[in-house]
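Let's take a walk through a protein together, one stop at a time. Keep the structure in view and look up each residue as it comes along.

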Amino acid sequence: MQKIHVSNHPLIQHKLTKLRDINTNPKKFRELIKEISALLAYEATSDLLITPVSVTSPMGSAKGFELNEKIGLVPILRAGLGMVEGIWEMMPTAEVWHIGIYRDEKTLKPIEYYNKLPIEPSVGLCLILDPMLATGGSASATVCVLKKWGVKRIKYLGIIGAPEGISCLSNDHPDIDIHLAAVDDRLNDIGYIVPGLGDAGDRQFGTG
Ligand code: PRP
Ligand code: URA
């Protein structure tokens, strides 16, 4: 059954509040995105498959576990890029596959412009990374790309979701777990999340 998890972890909520702040500069904004993403990924990966192994410590033999799933991190360009680093530090063997999608400003429909996935999927579990789930069009299109690629297990990790985006993604893909730090009130008439944090790409990269 689909899981829609909205974190109430105090560290995430504290950092999210600073992330929203209009006075947070791009350097601090990037640090916060990195930290929140690592915390969200920690929560989202609690069901990773592991295999029992034995390990020898200086004091003797112990039972342990090793990860049994090949993980792909899939940031949606541009804003998802900032979510990679903190998660990658925790799982350095993950592969990173970039998908380029932007929203048409008028229609708000997703336009794919970059995809270099190989023909065969090389990972078992993909974590889609994008801070903003607004209409849900970009996230839903990315899931379609990954399903077509043949990925069996996909989770979406975002920071702020609008009710409209959550409905779109869960209706289009009821098999995808959704992990967020907050669900906000609504979208405004140009498709921005309110209260949100503004434009996540511009605030990271100092553009706009
Ligand atoms: C933003 C955001 C998501 C998308 C969300 O990207 O990073 O990818 O909008 O909106 P949706 O849920 O309505 O599809 P944007 O199109 O601004 O591109 P950018 O990351 O290159 O700035
Ligand atoms: N993309 C953003 O960066 N911010 C929003 O509020 C919506 C889409």
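Here is a tour of the core, the pocket and some individual residues.

This is a predicted model, in which local features need pLDDT of at least 70, side-chain atom pairs count only at pLDDT 80 or more, and totals for chains, interfaces and linings use all residues. Residues are numbered from 1 along each chain as its sequence is written, chains are lettered from A and ligands numbered from 1 in the order in which they are written, and side-chain values use heavy atoms, leaving out hydrogens and water.

Let's begin on the inside. A nonpolar core is a set of buried Ala, Val, Leu, Ile, Met, Phe, Trp, Tyr and Cys residues joined through side-chain atoms within 4.5 Å. Buried means under 20% relative accessible area, exposed over 50%, and partly exposed in between, using a 1.4 Å probe and protein chains only. The largest nonpolar core has 35 residues, and Leu19, Leu73, Leu157 and Ile159 touch the most other members. Elements that each supply at least two residues include helix 1 (10-20), helix 2 (26-44) and strand 4 (71-77). Here helices (H or I, at least four residues) and strands (E, at least two) are DSSP runs, numbered from the N terminus. Helix 2 gives the most to this core, with seven residues. Apart from this core lies another, of 22 residues, among them Val74, Cys126, Val143 and Val145.

Which residues does leucine 19 touch? Setting aside residues up to four places away in sequence, its partners include Phe29, Leu32, Ile33 and Ile159; contact means heavy atoms within 4.5 Å. Phenylalanine 29 lies in helix 2. Its relative accessible area is 0%, so phenylalanine 29 counts as buried. Beyond four places in sequence, phenylalanine 29 touches Leu19, Thr24, Leu197, Ala200, Arg203 and Gln204.

Now for the open space. The largest pocket holds about 710 Å³. On a 1 Å grid over the protein atoms alone, a pocket is an open set of points where a 1.4 Å probe fits, with protein on both sides within 12 Å along at least five of seven lines; lining residues have an atom within 4 Å of a point. Grid points are joined across faces, edges and corners, and the volume is the space filled by probe spheres set on the points. Of the 28 lining residues, Tyr102, Arg103, Ser138, Tyr192 and Asp199 are the closest to the centre of the largest pocket.

Next, visit aspartate 177, in strand 12 (residues 177-180). Is aspartate 177 buried or exposed? It counts as buried because its relative accessibility is 13%. Its side chain reaches the backbone nitrogen of lysine 3 at 2.9 Å. This is a polar contact, a pair of N or O atoms within 3.5 Å; within protein, one must be able to donate a hydrogen and the other to accept it, and residues adjacent in sequence count only if both atoms are side-chain atoms.

Histidine 9 sits in the loop between strand 1 (4-6) and helix 1. With 31% relative accessibility, histidine 9 is partly exposed.

Finally, look at the backbone. The peptide bond from leucine 77 to arginine 78 is cis, with omega near -5°, and the bond from valine 194 to proline 195 is cis too, with omega near 0°. Leucine 108 is not a glycine, yet has a positive phi of about 65°.
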